Structures are given as C-alpha cells and as structure tokens.
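Good morning, colleagues. Please have the sequence and the model open while I speak.

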Amino acid sequence: MMRRFLRARDLDIEKASSMFLKHLKWKRTFIPNGLILASEIPNDLAQNKMFMQGMDKKGRPITVAFGGRHFHNKGGLDEFKRFVVFALEKLCARMPTGQEKFVVIGDLEGWGYSNSDIRAYLGALTILQDYYPERLGKLLIVHVPYIFMTVWKIVYPFIDNNTKKKIVFVENKRLKSTLLQDIDESQLPEIYGGKMALVPIQDS
C-alpha cells in the first residue's frame, strides 16, 4: 500500500505521507465499519449500471460501467460516493495475490445530457485518485457520443497525469479488436463479442 502512495506522488516521501494520512482520516469517517453495505446504496444499485467481469491478460479484474444508465437520484451525491467505494472495494477484493490494479470498460452508449452529472464524475475521480491511488490499470471508454466531449473538456483538467496515461478512447469500428489486445475472448463480455456474461456488481 505504501508503495502505491509513493508511486502516486512520484516517490516524494513527504507528499506520499501526507496523502496516506489523508486517506486514513477519510477511511475512518467515510467507512467507519470498514465496508459499504448494499443497503446503503439502493438508488444507485437500482440503476443497474455497473457489472463485474472476468480478468484481463495481466490478471487484473474487469468492471463494466454504463454511463447511459446513470441519473441523478434521491440518494444524491453522498450515496453515489458510497456506491463508488462499494465498487472499488469489490474490485480490490477480487484481485489475485500480487495484483494491485483493475481495468474499467466505460460504456457510453445512449449517454445524453440527462446522464451528465459533473459533480458525480468529479467525486468519483477524487475518490479514485486520492484514496485508491495506483489501483486503476486502464480505462477503456467505448461507444463515445460526440456530445460527451463537452463534459470531458470540463472533467479532463482535474485528472492527474498518471491517470490520463491510462485512459483510452476506443473507436467503434475497432471495438472488439482493441479490447482483445488486453482481454482474452473467454473473459470478454458477450456484448462486445466475447463469451462471458455480465454479473451485477452487487451479486459478485
């Protein structure tokens, strides 16, 4: 864990220590019981927007998130943040020994302005970068609608340089071939031409 915080701060011990102490304080207040229960995030789970998958060629667990299924709900930003932590903890628990990273397929098919939620995106980004450093192995963004790029321009400046290097926008015409570079067909979701069924994150 300490190595991950050091890598996230380019081996600067002082900055990494400060980041780690901030992480500990956040965990005590945000996850006092050590985990988020499904009963704490009913509205976000009901949107059926995040699924677990198999492993990529490096043994990293895969999750698929459907941006077009995310809407503002009565649970608000706080519940969404708990949902993000719930998902991240599920991913980390699935990592085999010696593995520290996971892969995300962000599917934006059907995404429109009604799905646009800048505060939620920035909240998820903050949690990932500040409290789960060096956990993201790769983010493959697929089925990107043109209008999404307007929101992307707002979010992009808040993404740190290490994270930016892990983000890949996948062309529709090269979707399956691009995913197969990282994921065997046996581990690829059926919806992308693979052989593995998607499992809702709460059932994994």
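I shall present the cavities, then the salt bridges, and finally the aromatic contacts.

The model is predicted, so to speak of local features a pLDDT of at least 70 is needed, and side-chain atom pairs count only at pLDDT 80 or more, while totals for chains, interfaces and linings use all residues. Residues are numbered from 1 along each chain as its sequence is written, and side-chain values use heavy atoms, with hydrogens and water left out.

I begin with the cavities. A cavity here is a set of points, on a 1 Å grid over the protein atoms alone, where a 1.4 Å probe fits but cannot get out; lining residues have an atom within 4 Å of a point. Points are joined across faces, edges and corners, and a volume is the space filled by probe spheres set on them. There are three cavities of 30 Å³ or more.

The largest cavity holds about 840 Å³. Its lining comprises 33 residues, and Ala65, Val104, Tyr121, Ala124 and Leu139 lie nearest the centre. Two or more lining residues come from each of β2 (61–66), α4 (76–94), β3 (102–107), α5 (118–131), β4 (136–142) and α6 (148–155). Helices (H or I, at least four residues) and strands (E, at least two) are DSSP runs, numbered from the N terminus. The most is given by α4, with six residues. By class, the lining has 26 nonpolar, five polar and two charged residues; Ala, Val, Leu, Ile, Met, Phe, Trp, Tyr, Cys and Pro count as nonpolar, Asp, Glu, Lys and Arg as charged, and the others, Gly among them, as polar.

The second largest cavity holds about 110 Å³. Of its 13 lining residues, Pro133, Glu134, Asp160, Thr163 and Lys166 are the closest to the centre. This lining divides into five nonpolar, three polar and five charged residues.

I turn to the salt bridges. With the criterion of a Lys or Arg side-chain nitrogen within 4 Å of an Asp or Glu carboxyl oxygen, the count is seven. Asp56 and Arg60 form one of them, at 2.7 Å from N to O. Asp56 is buried at 6% relative accessible area, where buried means under 20%, exposed over 50%, and partly exposed in between (1.4 Å probe, protein chains only). Arg60 is also buried, at 6%.

Lys101 and Glu134 meet at 3.3 Å, N to O. This pair links the loop between α4 and β3, which holds Lys101, to the loop between α5 and β4, which holds Glu134, 33 residues apart. Lys101, Glu134 and Lys166 are linked in a network of salt bridges.

What of the aromatic rings? Rings of Phe, Tyr and Trp (its six-membered ring) pair if their centres lie within 6.5 Å; planes under 30 degrees apart are stacked, over 60 edge-to-face, and the rest tilted. The count is 10 pairs. Trp26 and Tyr132 have ring centres 6.1 Å apart and planes at 80°, so this pair is edge-to-face. Trp26 lies in helix α2 (residues 13–30) and Tyr132 in the loop between α5 and β4, 106 residues apart.

Trp152 and Phe169 are likewise edge-to-face, with 5.1 Å between centres and 85° between planes. Both residues belong to one aromatic cluster, together with Trp111, Tyr113, Phe148 and Tyr156.

Conventions. 1 Å grid on protein atoms, 1.4 Å probe; cavity = no way out; pocket = protein on both sides within 12 Å on 5 of 7 lines; lining within 4 Å.
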